[in-house]
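Let's walk through this one together, going from a single residue up to whole domains. Have the viewer open and follow along.

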Amino acid sequence: MSNNYFNTLPLREQLEQLAKCRFMHMDEFTEGVDALKGKKMVIIGCGAQGLNQGLNLRDSGLDVSYTLRQSAIDEKRQSFKNASENGFTVGTYEELIPTADIVLNLTPDKQHSPVVEAVMPLMKQGACLSYSHGFNIVEEGMKIRDDLTVIMVAPKCPGSEVRAEYVRGFGVPTLIAVHEDNDPQGHGLALAKAYAVGTGGHKAGVLMSSFIAEVKSDLMGEQTILCGMLQTGSLLCFDKMIDKGVDAGYASKLIQYGWETVTEALKYGGVTNMLDRLSNPAKIKAFDLSEELKVIMRPLYNKHQDDIINGTFSRTMMADWANDDVNLLGWRAETGETAFEKTPAGDMEISEQEYFDHGILMVAMVKAGVELAFETMTAAGIIADSAYYESLHETPLIANTIARKKLYEMNATISDTAEYGCYLYNHACLPLLGDFMKDIDTDVIGRGLSSDDNGVDNARLIEVNEALRSHPVEAIGATLRGHMADMKKIV
Amino acid sequence: MMQLHDLSVEFDEGFQLKHINWQVEQHQHWLITGANGAGKSALAAVLAGYGEILAGSTSGIPSNIGWVSFEAQAELIQAELKKDDADILDVISLGTPVREIIFTNEVDPVIAQDLIHKFELNYLLERAFRKLSTGESRKVMLIRALSCHADLLILDEPFDGLDSAAHTMLQGHLIDVVKHTPVVMVLNRFDEIPGFISHIAYVEHGELRHQVKRQDTKAYDELYQLLHLKTTDLQVPTADTENSIPTLDPKKPLVKLNNISIKHTDMVLIKDLDWCIQPNENWQLSGPNGSGKTALLSLITGDHPQCYTNDIYVFGYQRGNGESIWQIKQYIGYVSTALQWEYRVGTSLRNVIISGFYDSIGLYSRSSDRQKEIADEWLALLGMGNRGDQPFNKLSYGDQRLLLIARAMVKHPPLLILDEPCLGLDDINRQLVLALIEKICAARETSVIYVNHHAQDRIVGINNYLALEKSSDNS
């Protein structure tokens, strides 16, 4: 049975690990991929991350092959086809793992324990094991052989973007970490940096973090603002509109594409820019709603963060893994049966601006969720840079999946871990917002404010603008988006 | 009868059509022509319902319209690409199969099936639309437009990207179609005007400047002249001597492909091919749509994954021995329609040219003053000297193409690959591009691989030919 690694550490070290996060300078990557040149890299798993990272690493001159379970090879499953059709060597664990200098575990979280237990005895003395998510080490407490180096390289984007940006000559923001208990030769960082260069990540910015900070912030972001808030918000906003007589097709469309549209503004200029897209009275309305939401939801965000920090969340979820995912699958089916999910989007035209004007409550929910997630993470000792990436930065990426095929697509494409946390959040948040929603009308969701009243109080507007702009997520966001823009644009 | 009455229309990019007065009578078939960026495609798009009407009015425009254009094609491909990044963690999207793209509710399945047969597309109905070659996806667009019983057909450059067999087939097919359906066609190439065109509209700077009847030979000839403005003598800007490409051994071939094959799950695209390109050799590569021209070139550029499973020697590197693709790409300049679709970047025109020094889509490196100077020389050459700071993605299709050709040439690469470089260009710009390529060939420091369908686009200085045939076992 698993043993939570984080909980075995003394408080002093827990705090130190949680606070690890540093934006690395371009000069730290001058050695390129040298540390991995001529080394044999074997990737376990060939889904979107596995395949696309492998394509990049090979194009950077590195020696990449794939290892799959015997059954995946025999049955020529999609993972086998992905690897072999792209001209990679594919072999079983027994064939390839003993030859590997570095083994890249790019399988889903749930498979980490059995996969690592299967490959570890086959790995050669002094080799390196790499993860792209630290759940297995931190939450399951997997103990890795003492002679092995353990690192993490986690591109903060979907696999297809990892590839697309590399091909353009750029990369995606990437988080790297070394598991300090497993760095016997002291070269973990050099390997992680070379790996990040191989995938092109160094061009877009690399955060040096720890396994613990990555896990505790990643879990928090995905289950609260990223997936949970969008799911709860979708259901509440849709039901409210139907209740108030808004056309069902319109309501469905406003929500399905609304999250993507409003968070696009978030991507460019943070919460401030998203609110600036509203008229002055609508902005003040959204601000007031979000303040109210933050008061109601704060205890829930705290509970999620607490459960993540103390291991309650992972323990509960792993119990469900052991129980054939009964809860997960049941909740997934329930989501599929909701009115929002079953009502197709109408074919009316909705302009970009209308999504803001008629979706004031959605804007308020995104603002409240982003700020609460950020505030809760930083209060738990996570550095602002990490908290920004795990909240605001990823929100547009998830919103994009809802635009494609609603909640089904979102839950199908995020990890099972994120999906599980998302349902927990949703179940708690729906009743929590019951009273709040009673007072909501179509002026803030579905129809917009009436246009005959466009006046605002100067003092109040100044106050609201000041509050928006001085939130700490805006300061770190401006800095990090600045880094990205510097690298992306010509200097 | 369709009427546009003193119509002014604005498009997303801020482009405007101004004060258009135009009347299309029953049984007339119009050609819209003009220079790149003049507003030809915009005028056609107005009929398809695009753009925001600022003033004036329209009447009589039917609602059921068949529309084929690069913009519509790019839109569909972009929608497909968007589906492709559907994975947040671990799902590979397979894309929409061609069958689903063609057989929508609007389409008459009998006509569509007949066209599929005529275009010889049967074998790729189950393939993902986004995996098609440029010519193949163009054919799919044509089938959709031609089989929806449209009351008006808008064909914006319908022949571009088609191989000669498909070109002839389509011309023949249209002769039947025009008997019952009015056609508005946009063409850059005067020499391709079909016989049934009865009227010509000439657009310039967003205005409808001339309307000419086909029978009026004098007016017709003048219009032709207008499009054939002679280019003055061209001086190709020099390379950047401060950051030159590492030199190659002049005795070794640039490219040596030994017995290569390209296989897909459902077919063998290329089988047992040898190809050796020596320094200063210029090549023309031809073949029908789907014969593997682009795939073959991407083996050389390193963009095809099977470059690691074949015996390929490029620029001193035997592939698969620890070299990076950037070490390969530094020796290559490259232009293709696919590149243009990928080059969806809001960066400035100057930066697009400078990105040719770094082989990137967009610019992510600090460039030197010298590189900026060279980029400005290229802009002047293309007649865009005062537009260096404008955003690339707001340019017309043809202007974008010219910019990308300059981007490919800017570093004076040892190998310049031009995959149908004239697609989407008007006569004047086509001549400009061909003249540029001839200069480059004549300078004898660059080897050129030139891919095209148009036999009349021969280039002086090309004397090696490779013709691919469509693989037979692709059922």
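Q: Is I262(B) buried or exposed, and why?

A: A residue is called buried if 20 or more other C-beta atoms lie within 10 Å of its own, exposed if 12 or fewer, and partly exposed in between, with C-beta atoms placed from the backbone. I262(B) has 21 C-beta neighbours inside 10 Å, so it counts as buried. Before we go on: this is a predicted model, where local features need pLDDT of at least 70, side-chain atom pairs count only at pLDDT 80 or more, and totals for chains, interfaces and linings use all residues. Residues are numbered from 1 along each chain as its sequence is written, while chains are lettered from A and ligands numbered from 1 in the order in which they are written.

Q: Where does I262(B) sit, and which residues does it touch?

A: Helices (H or I, at least four residues) and strands (E, at least two) are DSSP runs numbered from the N terminus. I262(B) belongs to strand β10 (residues 255–264) of chain B. Contact means C-beta atoms, placed from the backbone, within 7 Å. Skipping residues up to four places away in sequence, I262(B) touches L269(B), I270(B), G292(B), A295(B) and Q306(B).

Q: How do I read a sheet, say the one with the order β15-β16-β17-β12-β18 in chain B?

A: Strands of a sheet pair through backbone hydrogen bonds, either parallel or antiparallel. Here, two strands pair if DSSP finds at least two bridges between them. This sheet is open, with five strands and parallel pairing. β15 (332–335) and β18 (464–467) of chain B are at the edges with a single partner strand each, so one side of each has no neighbour in the sheet. β15(B) pairs with strand β16 (residues 415–419) of chain B over four bridges, and Y334(B) stands opposite I417(B).

Q: Which helix lies across β16(B), and at what angle?

A: Angles run from 0 to 180 degrees between N-to-C directions, using axes fitted as lines to C-alpha atoms, for helices over the stretch in contact. Helix α8 (residues 293–301) of chain B runs at about 155 degrees to β16(B), and it also lies across β12 (283–286), β15 and β17 (447–451) of chain B.

Q: Over in chain A, what covers the story of strand β5 (residues 102–105)?

A: Look at both faces: I102(A) and L104(A) on one side, V103(A) and N105(A) on the other, are all buried. β5(A) pairs in the parallel sense with strand β2 (residues 40–44) of chain A over four bridges, where I44(A) stands opposite N105(A). β5(A) also pairs in the parallel sense with strand β6 (residues 128–131) of chain A, with V103(A) opposite L129(A).

Q: Which residues touch the most other members of the largest nonpolar core?

A: A nonpolar core is a set of buried Ala, Val, Leu, Ile, Met, Phe, Trp, Tyr and Cys residues joined through C-beta atoms within 7 Å. The largest one has 145 residues, and V103(A) and V363(A) touch the most other members. Helix α11 (residues 211–243) of chain A gives the most, with 16 residues.

Q: How many residues does each domain of chain B bring to the contact between them?

A: Domain bounds come from an automatic or database domain assignment. For chain B it gives domain 1 (2–227) and domain 2 (255–467). The contact takes 24 residues from domain 1 of chain B and 21 residues from domain 2 of chain B. Their C-alpha centres lie 27 Å apart.

How values were computed. Two residues are in contact if their C-beta atoms, placed from the backbone, lie within 7 Å.
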